[in-house]
Amino acid sequence: VGSLSQGQHCETDTIRAAILIQRWYRQYVARTEMRRRYTWHVFQSIEYSGEQAQIKLYNFLGYLMDNFTPSSNERNLISHIFRENEVCRDTEWERYFCFKNIEVPEIYSGPHLTFPLTVEEAVGLVEAFRNKKQQLHSRYVLQLLLETWKLLRLLPNINRISTCHSKEITICGDLHGQLEDLLLIFYKNGMPSLEKPYVFNGDFVDRGRDSIEILLILFAFLLVYPSDIYLNRGNHEDHIVNLRYGFTKEVLSKYKMHGKRILKLLQKIFSWLPLATVIDQKVLILHGGISDSTDLSVLARLDRHNVRNRHRIRVNVENPLEVKRREELTLNAQINKSEQDSLFLSTDSVSSDTTKDEWKLKYTSMRKFKTALISSSHQILDLLWSDPMAQDGCIPNEVRGGGCYWGPDVTEDFLNRHNLQLIIRSHECKQEGYEFCHNRKVLTLFSASNYYDVGSNRGAYVKLGPDLVPYLIQYQASSMTRELTVKQSVGRTERSALRVLREQLFAHKSDLLCAFKKFDSENTGLVSLNNWASAVENVMHLDLPWRMLRCQLVTCKNSEGMINYYDWFNELAIHIDQSLLETLYRHRSTLETIFRIVDTDNSGFISMENFRQTWKLLSVYLKMEITDEAISDLAIAIDSNHDGSIDIDEFMEAFRLTDKKSRLERGRSMFMGTASDLTKLEGDPNV
């Protein structure tokens, strides 16, 4: 009996130990998952914040484009930005892009191409890039791009394809310059061929270091198999976006001599990429998404290459009376201007009534044309930038700054109207590489693995057969991810996310200080955890779990749990390059983008006159009291080598000097204005 009792006791201890181990393991898994989720949230929030800044910069430039008078020098500069002065026939562009005068030296050991391109040459291109051999010569690059441009001009806005003959179609999402992912897809799934058709759903470029190689591979297979390779346009197939996110810089660094022509030709190609693909009349593939106004029949009729991709965020519907009043004011202003112009431009006697009638007719016609153009732009903007949401409805996508969020009801209505059963879209990084939503009627597909950092996410592609049932394949391209444990992978990604977040917090130091002082009326330098979290969210607008992140971000707290925010700023400064001033650091990407925009010939330099005009435009927007004489003095002061032009370092120095004079403090929200903010400039006499 004693031995039996002892055995039961041992068994009880074993069960108890197993329960404790199980409880510990569940807590460990829960903590790991929590860390993984907030790390993901940090990366995604900061990524969308950057896109929002980019779109708002575009809004500002677009506002200038619409509101400066046609005769002003500033208008000419903005025209350069949007390339509106480059109206040429296609034959003239083909002469500009001519490659025949570029010789390939005998010592060149990279791939050689002949046209029409063969399968062997396309596969050879893949192998050359896989083995990191010499890059493709600029003569072949221009020739390949020129042939691609000619082919794309023949394609419709919406490609319609079929899975007949038991052919499976492979669909890939964002690649973002990560050649390793594309090569892995080809290894696992096979090269494109007549039996292996592919749809690539946009965002081929930016962020990764091999964007041009990905484009050359995809374009090569497109030329070889024009009926089996389909390319949709993404929001990153846009030359202004490329200025910010790295593709422009990549091309100019790899092709120093002919990079400008290559970029110009790519700009043309991007504008001609099809907008969507439909499989078996049932599955719609597009990059971003839809809205409650998306209409495939409208999209099919657009002149896609002529629609300027103006990233205007949707705003709430205004009071109709206010809209009418503003239109009448605009019309009267145009009429008054016409009357003044008639006094100077003509010596003939023209009646005031006739002039008014003519201008009313012209303005009405112009307004109708502009309305149609804006409608076309919104259709494309929604298609490239929108994201799905769990709630019903359709609202502005204020997180990205462009497009919309659309709900399950919008999906249901859209599918019913167009007799479709599934939408496949990309545009959003997903931890597993894919995600279903809206009752499995919307599939998000993302093919760039390790997008934020090694181990941060898987990539995925999907195969569709005649039954149109999605078959998903996941992968991770980096060999390093296979060597890391789950704990190591999460830890590495978490450290990377926190480093980026600290940089963002440091960049908003002045705003955070003001927010903390609202809770610290006695100026003690201390705030509670709740007040710290509230202040940080009010400034950053990242929708992060700040209370939970406090342990990773803040160590300086007293015995009562109060946070010393001055010590906290000193902690943040340890992780930041101190050579950069706060304001300059905060707007570094935007300033670099502005420089590359103004540098219309991609020479790496801008003229003194362009610098003056740029500063004049920015001073209007930032409400900076800076005179023409002061701008000229600034231009001379920063031209350190006295060569009469300004490079990127000198351009950034101009903002640093101005910041020293506290002029940029008035423009703390530099280029962060939405469409409604921009309307405040309408009454400014300087505009």
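The buried residues of helix H9 are in contact (heavy atoms within 4.5 Å) with helix H7 (211-224), helix H8 (239-245) and helix H10 (259-272). Helices (H or I, at least four residues) and strands (E, at least two) are DSSP runs, numbered from the N terminus. The model is predicted: local features need pLDDT of at least 70, side-chain atom pairs count only at pLDDT 80 or more, and totals for chains, interfaces and linings use all residues. Residues are numbered from 1 along each chain as its sequence is written, and side-chain values use heavy atoms, with hydrogens and water left out.

H9 spans residues 247-254, and Phe247, Thr248, Glu250 and Val251 are buried there, that is, under 20% relative accessible area with a 1.4 Å probe, protein chains only. Viewed down the axis of H9, these buried residues fall within an arc of 160°, so they line one face of the helix; the arc is taken from the directions from the helix axis to the C-beta atoms.

In helix H6 (residues 179-189), the buried residues include Leu182, Ile185 and Phe186. The buried residues of H6 pack against several elements, among them H7, strand E13 (459-464) and strand E14 (471-475). Just after H6, Gly190 has a positive phi of about 100°.

In E13, six of six residues are buried. Gly459, Tyr461 and Lys463 lie on one side, with Ala460, Val462 and Leu464 on the other. E13 pairs with E14 in the antiparallel sense over five bridges; strands pair if DSSP finds at least two bridges between them. Val462 has Leu472 in E14 as its bridge partner. Six residues separate E13 and E14 in their hairpin, and Leu468 in the turn has a positive phi of about 60°.

Methods. Buried means under 20% relative accessible area, exposed over 50%, partly exposed in between (1.4 Å probe, protein chains only).
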